[in-house]
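Try each task before reading its solution.

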Amino acid sequence: MRRVAGILFLIIGIGLVYFLNNSWNIKDTPLPPFGKLLNPFSGIWQNSESATDFESYNLKSIHVKENIKVVFDDRMVPHIYAQNLQDALFAQGYVEAYHRLFQMDISTRSPDGKLSEIFGENLLNYDKTQRRLGLGYAADNAIKGWAKHPEEFKNIQSYVQGVNHYIHNLSQKDFPLEYKLLDFEPSEWSVRHSALLLKAMTQTLAGYEEDVEMSNALKLLGPEDFKAIYPEYNPKDNPVIQGPYAALSQEMTGKSSLAKLEYFLNPTNRPKSPEGIGSNNWAVSGSKTKTGKPLLANDPHLGLSLPSVWYEIAITTPEFSARGVTLLGMPGIMIGFNQNIAWGETNVGHDMMDYYKIKWANSEKMQYYFDGKTKDVDLRIESIKVKGQGTVKDTVRYTAWGPIVDDKNSLALRWIAHDEAPGKEFMTFVSGMTSNNYDEYLANTSEFYAPAQNFVYADNSGEIGLRVNGSIPIKNQGQGRLTSDGDSSIFGWKGIVPRDHNPQERNPTKGYVTSANQWSTTPEYPNYYNGSFEPFRGRMINRILRDAKGLTIEEMQEMQQSTYSIEAEESLPHILAALDSSMFSLPEIDLLQSWDYNYTADSKAALLYNVLFKNFQKALWDEVYNHMDSIALPLPDSWVTILLLEENKESNYFDILSTPEKETFSDICNLAMSMTLKDSTIHHTWSESKNASIPHLIRLPAFSHTFTENEPISGHKYVLNAMQSTFGPSWRMVVSLEDNPTAYGIYPGGQSGNPASPFYKNMIDKWRTGAYDKLELSRSAEDIKNVLFKIEINHED
């Protein structure tokens, strides 16, 4: 009997060990292997760390040539000291993997459509969508172009070798926490991973298009109403570059052709740039500053996450010393400064994604009409590994335009991300950070391909400048605003604008340059483009800088924190003036009348206005809103609404089509206010209404940060402090270009990707309250104070 019991307990024990050391799904919810997870020697306990846990160490690699020192300061920022550029990039790859390996991994799986491999079938449709967008195809094309520059290619290979040195020497107990929770292991890094990260950035920043929605709107409204409700250019805009512009020498032939819609298109599988993507930057010449030297400021607005999208770093070789933030997975410093210059970027916002309606030549959809002939599609078989299910196959058809993204509507995608970049775009942020003057910087960044960015610049010799940098398609008038016929190449792009014809400005007499995602140019620019352009922040920056004198770093920081709304300033007085006199006894009206148009955290008026203006737009544009539940349509821009308020209060658009009466402007104002007063949310503060948070990369609540009532958050997407619920200023930097630059910066997070580290989110509150860290350039490792630990890397024979 004892023997039977012993065997029984042995079987139960083996079963328990098997259960605890494997992942399981319960009601489609994956559970981690608790045995591995709670193992005291290799489980999650090993990820706990304190500020005093770090010890210096040495390592060797055959891939480095000379001694490298990496010194981590008291904020966990690595300062790399190398004798040559390739060794410096090896160290950059190593420290980025040391702190952010899981982030780098997941950030490449997303564009490559490989998330279901670790998360299971819940993300299979997402992976299919990413594969159909052709991001893996785009990365493969990028590498083809990069490999044509073998000498420069060695630099990105050095970065990759640094990442892999960390991975190859990583023991299971030191795996980042998320690997243990999800029960998978890091894989070797490659140049393709770096290319995928660049394509992910292109998807985020150059993924705008409303082709289907605009086509539907034209079909629904007709040409006259379409033109009135969706005008292209905002006459109040202060464009990034105001001219003059160089004429294009390339002949623009051909024409645009709207695909004639027989029915409204209900789009599928068309992920786009998320709302809230944007940024501010400006550079001010010494004639406007207190020091007599230029100032440069930059704050990119992106989706906030933990760990942060940015990683702060300093890199020094005998040739240069630079500091700033990196795009994890790509070598170099993307936004920063060195001993002579400072630089930064904002998104250009041009539409680089055009959809073409394919005309099939057979029912199997294997041939299509193109340039008067039938053409075979190219088939790309996508094999998607799904956790717990094996491999799922998906076939993507490729046309002369690109992949068929939307099978239901037969829409093929022409996208800048798919191009084989002809130059050394992977060197942009490496060569840029080594530049000493503007001529060098322009040359070193001239091969950046996509996504197009506004590159701002300043230096300690007194120069400032801004270039719309990246590839801009040459389009026919109206091309890409609507879905186009896909049966002829004449409807396609005519090439790429030569780089020296991109809009740019150098040392303008006005004394400053700036961009905030507004229009790149006036309509006089000789090449047509369309896109998504922010209507208010650029105007605010110009308003402040136009007559400013004696500017300081502190005033630049205050600008970045500004919550003043031009949208509210231009719209609210018109609405209030049209309200019935009976409403002026209401406390809500008093609140609006006394509001200073600032979206401060404690403002109740900001929330009240925000609800009111949304209700006003819904009542005004009933021609659109009444159909949005059944038809994919674009929202009218708020600047269009404001122009109507200012210029044509007698417009027929104020009439609500679904009622027998003919409503007036005043009727719409009163209706909007009545709707607003019935809204139960209007008595909260602006911060309370935002429900702001910084989510973990894979949305694990325990690893995310939700702002409480004791952590109020200011800002709005149309003010300089463009904080929304989960989008906002992801890095704030201000640099004074004196002989020895003075710089400050901050981002909402921490250097470590480990949720159990004191350096995971230690900078959030400082960022929230508008404080900055001083960014020192330390030319020697001995100059760094308050050192946490050091790594020394030597050549291995």
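**Exercise 1: two prolines**

Pro244 sits in the loop between helix H11 (223–229) and strand S6 (278–284). Keep in mind that this is a predicted model.

Task: find out whether the peptide bond from Gly243 to Pro244 is cis or trans, then find the place of Pro451.

Solution. Start at Gly243 and look along the bond to Pro244: omega is near 0°, and the bond is cis. Next, go to the loop between helix H13 (438–444) and strand S19 (453–459), where you'll find Pro451. The peptide bond leading from Ala450 into Pro451 is cis, with omega near 0°.

**Exercise 2: two helices**

Task: describe how helix H18 (residues 604–620) and helix H20 (residues 638–647) cross.

Solution. Two packed helices are described by the angle between their axes and by the distance between those axes. Here the axes of H18 and H20 come within 11 Å and cross at roughly 75°. Angles of 65 to 115 degrees count as roughly perpendicular, so H18 is roughly perpendicular to H20. Now for the residues: H18 brings Phe613, Phe616, Gln617 and Leu620 to the contact, while H20 brings Ser638, Thr641, Ile642, Leu644 and Leu645. Sort the residues of this contact and you get six nonpolar, three polar and no charged.

**Exercise 3: a salt bridge**

Task: which parts of the chain does the pair Arg132 and Asp394 link?

Solution. Begin with the side chains of Arg132 and Asp394, which form a salt bridge at 3.1 Å, N to O. Arg132 belongs to helix H5 (residues 124–133) and Asp394 to strand S16 (residues 390–398). The two residues are 262 residues apart, and the pair links distant parts of the chain. For the whole model, the count comes to 35 salt bridges.

How values were computed: Residues numbered from 1 in each chain as written. Predicted model: local features only at pLDDT ≥ 70, side-chain atom pairs only at ≥ 80, totals over all residues. Heavy atoms only, no water. Axes fitted to C-alpha atoms, helices over the stretch in contact; angles between N-to-C directions. Helix = DSSP H or I, 4+ residues; strand = E, 2+ residues; numbered from the N terminus. Parallel < 35°, antiparallel > 145°, perpendicular 65-115°, else oblique. Contact = heavy atoms within 4.5 Å. Nonpolar A, V, L, I, M, F, W, Y, C, P; charged D, E, K, R; others polar. Salt bridge = Lys/Arg side-chain N within 4 Å of Asp/Glu carboxyl O.
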